[in-house]
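Me: I would like to learn how to read a protein model step by step. Could we begin with the overall fold and then turn to the side chains?

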Amino acid sequence: MRYKLTFVVGLALGYVIGTRAGRERYEQMKKSAKDFAQNPAVRNAAESAAQSGRQVAGKAMHAVGDTVGDRLPSSVTDRVHALRDRGRSNGRVEDDDWGTSNT
């Protein structure tokens with residue numbers, strides 16, 4: 001039953017997208033999504049969420065680093081430093097104190 005339902009849904013979706021009206025509707029949805037993504041309020045909210053995520057990741061890194069300490073193998077430590085260095089672009093360090101020991 002599940003496969004039959006999946007087939008019917010796929011068939012209906014293909015028909016709608018394949019027809020002229022379906023193609024126009026698809027283009028309309030694509031334009032709406034693009035306009036939504038470029039809305040300043042949405043962009044600000046996304047940047048705010050990204051900044052909050054970076055802050056939480058930094059705090060988590062400090063908490064894990066303080067808890068685990070020097071018990072991590074050097075290969076893991078090297079990977080963490082490589083991830084931190086990944087945020088640097090063109091010699092500029094982004095606002096990110098990931099992996100620093102300032103608490």
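Me: What pattern does the protein follow when it is read along the sequence?

Reply: Bear in mind that this is a predicted model. Read along the sequence, the pattern is α-α-α-α, and the secondary structure comes to 4 helices and 0 strands.

Me: How many residues does helix α1 have, and how far does it reach from its first C-alpha to its last?

Reply: Helix α1, which covers residues 2-18, has 17 residues and reaches 24 Å, close to the 24 Å expected at 1.5 Å a residue. This helix is hardly covered, since the count of buried residues in α1 is 0.

Me: What percentage of the residues in the protein is buried?

Reply: A residue counts as buried when its relative accessible area is under 20%. Buried residues make up 5% of the 103 residues here, and the protein exposes about 9,000 Å², of which carbon and sulfur atoms supply 58%.

Me: How many salt bridges does the structure hold?

Reply: A salt bridge needs a side-chain nitrogen of Lys or Arg within 4 Å of a carboxyl oxygen of Asp or Glu. The structure holds 3 of them, including one between Asp35 and Lys31 at 3.0 Å, N to O.

Me: Where do Asp35 and Lys31 lie relative to each other in helix α2?

Reply: They are 4 residues apart in helix α2, and so are separated by about one helical turn. Asp35 is partly exposed, with a relative accessible area of 40%, whereas Lys31 is exposed, at 53%.

How values were computed: Residues are numbered from 1 along each chain as its sequence is written. This is a predicted model: local features need pLDDT of at least 70, side-chain atom pairs count only at pLDDT 80 or more; totals for chains, interfaces and linings use all residues. Side-chain values use heavy atoms; hydrogens and water are left out. Helices (H or I, at least four residues) and strands (E, at least two) are DSSP runs, numbered from the N terminus. Buried means under 20% relative accessible area, exposed over 50%, partly exposed in between (1.4 Å probe, protein chains only). Accessible areas come from the Shrake-Rupley method with a 1.4 Å probe; for residues, only the protein chains shown count as cover. The expected span of a helix is 1.5 Å times one less than its number of residues.
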